[in-house]
Amino acid sequence: MFWYVHDVGGWGWFAMSAGMIFFWAAIIALGVLLYRALARSGGSGNRTDNPPLEPTPEQILAERFARGDIDEDEYHRRLAVLVKTTGDVPRPGRH
């Protein structure tokens, strides 16, 4: 029989075994890297490196005014009190 003459020797078996181990290691590493990349980009947003910013008192006051909870006179009166207590000058476009 012809195929028995061209049998794979000891180094051939070693090369095939090592190649298969490297192949599956590369597939697993690729899967782990893909999972980590997708989990990082579409994460839940509950991260420690970027804590959510809390709104400033001026922003909360502006939101209440925009919702109609308070009228314009009360908004300006409360904003003046906030400016006095915090010492901040309201920035244009923030209220």
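Is Glu74 buried or exposed? Glu74 is buried, with a relative accessible area of 19%, where buried stands for under 20% relative accessible area, exposed for over 50% and partly exposed for the range in between (1.4 Å probe, protein chains only).

The model is predicted: local features need pLDDT of at least 70, side-chain atom pairs count only at pLDDT 80 or more, and totals for chains, interfaces and linings use all residues. Residues are numbered from 1 along each chain as its sequence is written, and side-chain values use heavy atoms, with hydrogens and water left out.

Side chains of opposite charge can pair when their charged atoms come close. A salt bridge is counted when a side-chain nitrogen of Lys or Arg is within 4 Å of a carboxyl oxygen of Asp or Glu. The count by this rule is 2 salt bridges.

| Salt bridge | N to O distance |
|---|---|
| Arg67 and Asp69 | 2.9 Å |
| Glu74 and Arg78 | 2.6 Å |

Helices (H or I, at least four residues) and strands (E, at least two) are DSSP runs, numbered from the N terminus.

Helix H2 spans residues 57-67, and Glu58, Leu61 and Ala62 are buried in it. Viewed down the axis of H2, its buried residues fall within an arc of 100°, so they line one face of the helix; the arc is taken over the directions from the helix axis to the C-beta atoms. Gly68 follows H2 and has a positive phi, near 95°.
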